[in-house]
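Please read the following report alongside the sequence and the model.

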Amino acid sequence: MTTKIGIIGDGHVGCTVAHELIVSGLVDDLVMIDLNEGKVNADAVDFEDAMANLPNHVNITVNDYSALKDAEIVISTLGKISLESKGDRFQELEYNKKQLQPITESIKKSGFNGILLVISNPVDAITNLYQQLTGLLKERVIGTGTLLDTARMKKVVAHKFDVDPRSVSGFALGEHGNSQFTAWSTVKVLEKPISELAKSASWELTDLEDEIVRGGQTVFMGKHYTNYGVSAAVVRIARAILTDSRTELPVSSYQEKYGTYMSYPAIVGRCGIVARVELNLTPDEESLLQKSAETIKEKSQA
């Protein structure tokens, strides 16, 4: 059985995702779509030039929406990150909303009925719009959400305790944006709650929160975009979908309780969101989650 994935948007993130999918052997057929025909054709040729030195072959199609009909996943990376001059992802909202109408019409016309995976910012609002405009089931439209923010948290905590980030568990929740937060009650290091470990430490959990924020800012300020971290996140979600691994991931999915897309752990498999997870959050964390939901809804309507 062959695997086909489409990528809409061939900017910094789109071409990085394409590269990771190709070198990982996760995809057999790749559809690349972008308004900048020179750029997307150049990347396609560049990827083809790499084939002789790779262990696997990938067939690449450029700017053909009809080729998405039998794709398992379509990934949206469209956006204009230069608009985020003040570090607020909602500054991209109006620009990206204008791009969605023709794109979603083309997706529907193709007959695509796979999983739509959204990176485009502000990701919670754009994921919600994609679902409304395509008419796909809510479970089949997913945003990368706070999977990257969770990875950043794990990195900071891992550095503090001198362990591998994969030895840290827990979640960042809510908006992939300024109202997101780390649910420290969920965080463990080598299976020990970080709240207990912090009691005898010379630092506070709030110190770690500052480090997490600064890490993302360092990447953005240094090169004016981010690509590797979020690309690893989206490929991890794609792998969970393609292999039906039913992995617990903090992705942006529709939260009935809050009436919006935002990040909360869910079980991801071949059909998208295949099950929900219920966390035992503290009252303060529940309040922060509610405030984050309200922020997303307010800014989406602005």
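Which residues does Leu30 touch, not counting residues up to four places away in sequence?

## Basis of the report

This is a predicted model, in which local features need pLDDT of at least 70 and side-chain atom pairs count only at pLDDT 80 or more, while totals for chains, interfaces and linings use all residues. Residues are numbered from 1 along each chain as its sequence is written, and side-chain values use heavy atoms, with hydrogens and water left out.

## Nonpolar cores

Leaving aside residues up to four places away in sequence, Leu30 touches Ile5, Ile7, Ala18, Leu21, Ile22, Val58, Asn59, Ile60 and Thr61, where a contact means heavy atoms within 4.5 Å. Leu30 is also one of the residues, together with Val17, Leu21, Ile73 and Ile75, that touch the most other members of the largest nonpolar core, which has 39 residues. Such a core is a set of buried Ala, Val, Leu, Ile, Met, Phe, Trp, Tyr and Cys residues joined through side-chain atoms within 4.5 Å; buried means under 20% relative accessible area, exposed over 50%, and partly exposed in between, with a 1.4 Å probe and protein chains only.

The largest share of this core, nine residues, is supplied by helix H8 (residues 228-243). Helices (H or I, at least four residues) and strands (E, at least two) are DSSP runs, numbered from the N terminus. A second, separate core holds 24 residues, including Ile33, Phe90, Ile107 and Tyr130.

## Salt bridges

Side chains of opposite charge can pair when their charged atoms come close. A search of the whole structure finds nine salt bridges, each defined as a side-chain nitrogen of Lys or Arg within 4 Å of a carboxyl oxygen of Asp or Glu. In one of them Lys39 pairs with Asp43, the closest N and O atoms being 2.5 Å apart; because the two lie four residues apart in helix H2 (residues 37-50), about one helical turn separates them. Lys39 is partly exposed at 30% relative accessibility, whereas Asp43, at 13%, counts as buried.

Another bridge joins the side chains of Glu94 and Lys97 (3.7 Å, N to O), which are three residues apart in helix H3 (residues 93-110) and therefore separated by about one helical turn. Here Glu94 is partly exposed at 41% relative accessibility, and Lys97 is partly exposed at 33%. Asp164 forms a salt bridge with Arg166, with 3.0 Å between the closest N and O atoms; Asp164 is partly exposed at 34% relative accessibility, while Arg166 is exposed at 74%. Salt bridges that share partners also link Asp10, Lys39 and Asp43 into one network.

## Trp203

Trp203 is placed in the loop between helix H6 (194-199) and helix H7 (205-223), and with a relative accessible area of 12% Trp203 is buried. Not counting residues up to four places away in sequence, Trp203 touches Lys160, Phe161, Ala198 and Leu208.

## Overall fold

The protein has nine helices and twelve strands. Its radius of gyration is 19 Å, close to the 19 Å that the globule rule gives for 302 residues, so the protein is as compact as a globular protein of that length; the radius is taken over C-alpha atoms, and the rule is 2.2 Å times the number of residues to the power 0.38. Taken along the principal axes, the C-alpha atoms fill a box of roughly 55 × 45 × 35 Å.

Buried residues make up 51% of the 302 residues. Among contacts between residues at least 6 apart in sequence, 68% join residues at least 24 apart.
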